[in-house]
Amino acid sequence: MGAEDDVECSSLHGGASTNVKNFTKVSLVPLTFLIFYGVSGGPFGVEDTVRAVGPLLTLVGFLIFPIIWSIPESLITAELCTMFPENGGYVVWVSSTLGPYWGFQLGWVKWMSGVVDNALYPVLFLDYIKSAVPVLAEGYPRTIAILVFVVALTYLNYRGLTVVGWVATALAIFTLLPFIVMGLIALPKLEPSRWFVVDLENVQWGLFFNTLFWNLNYWDAVSTVAGEIENPGKTLPKALFYAVPLVVSGYFFPLLFGTGAVPLNRDLWTDGYFSEIAKIIGGVWLRLWVQGASAVSNMGSFLAEMSGDSFQLLGMAERGMLPDVFAKRSRYGTPPIGILFSASGVFLLSWLSFQEIVAAENFLYCFGMMLEFIAFVKLRIKYPAASRPYRIPLGTVGSILMCAPPTFFILVVMVLCSFKVMIVGFLAILVGLIMQPCLVYSDRKKWLSFSVSSELVDLQSGYHQVGEA
């Protein structure tokens, strides 16, 4: 993914986030699978792309979009995470260039986007097992099942990020195995002509791009736990390098086998359909395995997302953007208040439909990514000599050009959103615009306690020292 500088990190980023010296750091393997689950978790949830545009455009999309979006986003994440190895991640990137006001706005929309995203996983979990347990399809049993899912995995998150990372590793193996088996069984049944079916007069571009975008974004989510990573200057870029092909192949090959081995009926391709494909290809036993893998996958994705969301709030509190209570750690090193806030948001939003959740979180995520791209380019222009343990092997012009295609795609996704989603998105952004001045006023009146961690280097003074050097 590029060259690494041999220079040690300068005073620009000082050290890891505060209060973590006594806790075990996350190493390469669990970090890779935390990224895998933060972005993907397997092919569950991609079925709507086939319903929207058919097999050919779906397969092409999952080959081209990683080049346009996933690789640039992961490269930017690798560079800026090693430049700022502290919890808070992208909030710190934007604060360092655009100021704390816009850093807070990014933190707010990204946290909201993450919580909305996490509300998908109980929905997907139940959608995959409701054929085996029909009582969970609706009503009070479904609500109770969502509550149990959220509470159980929230507690596991409370027990520590290292625990979550190794659990994610084990879950990923179980998640991907049935699709490897399904691919082997499907080989003699493949009909390549099915892959080339396309009907440009019957496409749903909004559904296609929203689903594609949702399944291949969130590479920057790992930045919010950068302070918990063992030797982040080397470990994090390597983990991203391994995670990108793992995620892409985890989508592409199940879609390849599913569309090639089963006669096409686009109306059937909706969330949960891979379990039916497994039954057609291998029988009931394989369907049950895929359903079990779906449950496991959604558990892993929920754990990874909640970790990122809660540690982001901790990082913002350590930078004085949120009250000190968000910076408190449990005896396991986790932020209990951030975890409770994130879990509450998930439960409140989990009644929405799959498509509504995806569209809403994509809109918020797009707004945040615009700020991240601006911060990345501005850091390259204004502070080219600042220490970057990992540096994308492109100059300033190349970096700007690399950001152009994903920026265009962001605009496409936002334009294709429904009016309802746009209104909800703008209202959420408006809340953040009002909330930050209110928090500043609360700090000034001493209604709430705010403080900046003494172990974190002042961003502007860090740049000044680097520039003089």
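The points that follow treat the model and its conventions, then the helix contacts, then the cavities.

1. This is a predicted model, in which local features need pLDDT of at least 70, side-chain atom pairs count only at pLDDT 80 or more, and totals for chains, interfaces and linings use all residues. Residues are numbered from 1 along each chain as its sequence is written, and side-chain values use heavy atoms, with hydrogens and water left out.

2. Two packed helices are described by the angle between their axes and the distance between the axes. Helices are DSSP runs (H or I, at least four residues) numbered from the N terminus. Axes are lines fitted to C-alpha atoms over the stretch in contact, and angles run from 0 to 180 degrees between N-to-C directions.

3. Helix 1 (residues 28-39) and helix 8 (residues 161-186) cross at roughly 65 degrees, and their axes come within 8 Å. That makes helix 1 roughly perpendicular to helix 8, a term for angles of 65 to 115 degrees. The crossing of helix 1 and helix 8 is left-handed, that is, the near helix is turned anticlockwise from the far one by less than a right angle. On the helix 1 side the contact (heavy atoms within 4.5 Å) includes Phe33, Leu34 and Tyr37, and on the helix 8 side it includes Val164, Trp166 and Leu171. By class, this contact has 13 nonpolar, three polar and no charged residues. Here Ala, Val, Leu, Ile, Met, Phe, Trp, Tyr, Cys and Pro count as nonpolar, Asp, Glu, Lys and Arg as charged, and the others, Gly among them, as polar.

4. Helix 8 also packs against helix 11 (residues 273-282), at an angle of about 45 degrees and with the axes 10 Å apart. That makes helix 8 oblique to helix 11, oblique being the class left after roughly parallel (under 35 degrees), roughly antiparallel (over 145) and roughly perpendicular. The crossing of helix 8 and helix 11 is left-handed. Phe179, Met182, Ile185 and Ala186 of helix 8 meet Phe274, Ile277, Ala278, Ile281 and Gly282 of helix 11. Eight of these residues are nonpolar, one is polar and none is charged.

5. The axes of helix 8 and helix 12 come within 9 Å and cross at roughly 150 degrees. The two helices are therefore roughly antiparallel to each other. Their crossing is left-handed, and the contact divides into 20 nonpolar, five polar and no charged residues.

6. How many cavities of 30 Å³ or more does the structure hold? There are three. A cavity is a set of points, on a 1 Å grid over the protein atoms alone, where a 1.4 Å probe fits but cannot get out, and its lining residues have an atom within 4 Å of a point. A volume is the space filled by probe spheres set on the points, which are joined across faces, edges and corners.

7. The largest cavity holds about 120 Å³ of space. Of its 14 lining residues, Leu34, Ile35, Ala221, Val222 and Ala304 lie nearest its centre. Helix 1 and helix 12 (284-318) are the elements that give two or more residues to this lining, and helix 1 gives the most, with five. The lining has 11 nonpolar, three polar and no charged residues.

8. The second largest cavity has a volume of about 90 Å³. It is lined by 15 residues, with Val39, Ser40, Tyr121, Trp214 and Ser301 nearest its centre. Helix 1, helix 6 (120-129), helix 9 (205-215) and helix 12 each give two or more residues to the lining. Helix 12 has the largest share, three residues. By class, the lining has seven nonpolar, seven polar and one charged.

Methods:
1 Å grid on protein atoms, 1.4 Å probe; cavity = no way out; pocket = protein on both sides within 12 Å on 5 of 7 lines; lining within 4 Å.
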